[in-house]
Amino acid sequence: MSNLAVPQIDWLMIAPIAIVALTGILALIIETIAPQRTNKWQWLVSILGLALSAFASVKQFALIDDTTLAGLFIRDRFGLVLQVVIVGAALLSILFSENYLEQKRIPFGEFYPLVLWSTVGAMVMVTTHNLLVIFVGLEILSIALYVLAGMSRSEEKSEESAMKYFLLGAFASAFLLYGIAFVYGSSGSLDMRMVNAAWTTQDGATRGLAMFGGALILVGLAFKSSLVPFHQWTPDVYQGAPTNVASFMASVSKIAALGTLWRVLDDSRSMTSFYLPVLIVLAILTMTVG
């Protein structure tokens with residue numbers, strides 16, 4: 001135990017994510033203490049928290065690229081820009097939500113904490129090279145969305161969309177996790193940069209294992225990105241979910257999924273000959289068949 005090294009934490013680096021997470025907790029506490037038919041205080045706290053998180057991200061643009069928590073979280077321009085975009089999309093979704101929720105008679109103050117925590121999952125996904133952290137971020141993002149999709153409890157189509165999204169989302173998450181296990185088995189690392197380095201020294205059998213794992217990871221991320229042929233859940237869920245939830249899903253979850261896909265592929269440049277033809281076909285099908 002004396003040799004156990006405690007990882008250094010750069011609190012400034014994780015401040016944007018921490019602010020959104022704590023804002024979600026605060027909004028839930030407000031709802032618990034003073035539940036009402038209107039949720040103006042949760043709405044206001046959520047907006048202020050997201051604005052503060054965006055500010056914390058922008059302030060780091062001039063800082064050098066770095067890592068924290070033993071390399072699990074990174075700070076680079078790509079991640080910071082995506083964090084600002086994700087927070088901005090969440091802010092816009094919340095900004096126009098209160099009047100809509102009142103008109104639709106959805107008086108659940110839990111809406112705001114769920115949106116904020118889903119935003120946290122999206123922010124985690126785009127600020128790491130670690131496949132397991134990506135999976136954790138994806139689950140934080142998705143589980144909140146399953147609940148949000150069925151929040152209009154008086155409408156049968158909303159409950160149907162939540163159930164469909166949950167079942168298909170869990171299936172896609174299993175693909176992703178199974179792929180991560182294969183990639184780890186082939187390289188001995190969960191860091192995609194180490195996987196990329198190991199690819200050049202592997203034999204044919206081990207490369208086949210890595211390719212199979214990479215394909216499963218692509219399936220999981222393609223589902224969240226609504227790439228053909230993993231897109232058929234999208235119209236059902238968007239049609240049944242409340243409009244403000246659908247707008248949040250169509251923006252935040254897609255930004256997170258595509259940003260994560262770009263980061264995974266960028267970290268796997270030595271595998272370009274394997275995944276590039278597949279991506280070309282998926283892109284063409286998504287822009288036509290989809």
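Which helix does Ser173 lie in? Ser173 lies in helix H7. The legends below describe close-up views of a predicted model.

**Figure 1. The fold of the chain in overview.** The predicted model has 12 helices and two strands. Along the sequence, the elements follow the order α-α-β-β-α-α-α-α-α-α-α-α-α-α. The C-alpha atoms fill a box of roughly 65 × 50 × 35 Å along the principal axes. A compact globule of 290 residues would have a radius of gyration near 19 Å, and the 20 Å of the chain agrees with this. Of the 290 residues, 51% count as buried. Take the contacts between residues at least 6 apart in sequence: 75% of them join residues at least 24 apart.

**Figure 2. Ser173 in helix H7.** Ser173 is buried, with a relative accessible area of 8%. Setting aside residues up to four places away in sequence, Ser173 touches Phe135, Leu138 and Glu139. Just after H7 comes Gly188, with a positive phi of about 75°.

**Figure 3. The salt bridge between Asp76 and Arg263.** How many salt bridges does a search of the whole structure find? The search finds two. One of them joins Asp76 to Arg263, with the closest N and O atoms 3.0 Å apart. Asp76 lies in the loop between strand S2 (73-75) and helix H3 (77-95), while Arg263 lies in helix H11 (residues 243-266), so the pair ties together parts that are 187 residues apart in sequence. Are these two residues buried or exposed? Both Asp76 and Arg263 are buried. Side chains of opposite charge can pair when their charged atoms come close.

**Figure 4. The salt bridge between Lys164 and Asp236.** The side chains of Lys164 and Asp236 meet at 3.0 Å, N to O. Distant parts of the chain are linked here: Lys164 sits in helix H7 (residues 156-187), Asp236 in helix H10 (residues 233-240), and the two are 72 residues apart. Lys164 is partly exposed, with a relative accessible area of 29%. Asp236 is also partly exposed, at 35%.

**Figure 5. The largest nonpolar core.** This core has 70 residues. Which of them touch the most other members? They are Phe111, Leu131, Leu141, Leu148, Tyr165 and Val252. Helix H6 (residues 131-149) gives the most to this core, with 11 residues. In soluble globular proteins, nonpolar side chains tend to be buried together.

Figure 6. H6 has 19 residues. The helix reaches 26 Å from first C-alpha to last, close to the 27 Å expected at 1.5 Å a residue. Why is H6 described as largely enclosed by the rest of the structure? Because 14 of its 19 residues are buried. Asn130 caps the N-terminal end of H6. A side-chain oxygen of Asn130 lies 2.9 Å from the backbone nitrogen of Leu132.

**Figure 7. The surroundings of Leu141.** Leu141 is one of the core residues that touch the most other members. With residues up to four places away in sequence not counted, Leu141 touches Ser118, Gly121, Ala122, Met125, Lys224, Val252, Ser253 and Ala256. The C-alpha atoms of Leu141 and Trp117 are 7.0 Å apart, and the two residues are 24 residues apart in sequence.

**Figure 8. Trp117 in helix H5.** Trp117 is placed in helix H5 (residues 111-125). Trp117 is partly exposed, with a relative accessible area of 26%. Which residues is Trp117 in contact with, leaving aside its neighbours within four places in sequence? They are Ala21, Gly24, Ile25, Leu28 and Ile140.

**Figure 9. Val45 in helix H2.** Helix H2 (residues 40-58) holds Val45. Val45 has a relative accessible area of 15%; buried means under 20%, so Val45 is buried. Apart from neighbours within four places in sequence, Val45 is in contact with Thr23, Leu26 and Ile30. Val45 and Leu26 are 19 residues apart along the chain. Their C-alpha atoms are separated by 7.9 Å.

Conventions:
Residues are numbered from 1 along each chain as its sequence is written. This is a predicted model: local features need pLDDT of at least 70, side-chain atom pairs count only at pLDDT 80 or more; totals for chains, interfaces and linings use all residues. Side-chain values use heavy atoms; hydrogens and water are left out. A salt bridge is a side-chain nitrogen of Lys or Arg within 4 Å of a carboxyl oxygen of Asp or Glu. Helices (H or I, at least four residues) and strands (E, at least two) are DSSP runs, numbered from the N terminus. Buried means under 20% relative accessible area, exposed over 50%, partly exposed in between (1.4 Å probe, protein chains only). A nonpolar core is a set of buried Ala, Val, Leu, Ile, Met, Phe, Trp, Tyr and Cys residues joined through side-chain atoms within 4.5 Å. Contact means heavy atoms within 4.5 Å. The expected span of a helix is 1.5 Å times one less than its number of residues. A polar contact is a pair of N or O atoms within 3.5 Å; within protein, one must be able to donate a hydrogen and the other to accept it, and residues adjacent in sequence count only if both atoms are side-chain atoms. The radius of gyration is taken over C-alpha atoms; the globule rule is 2.2 Å times the number of residues to the power 0.38.
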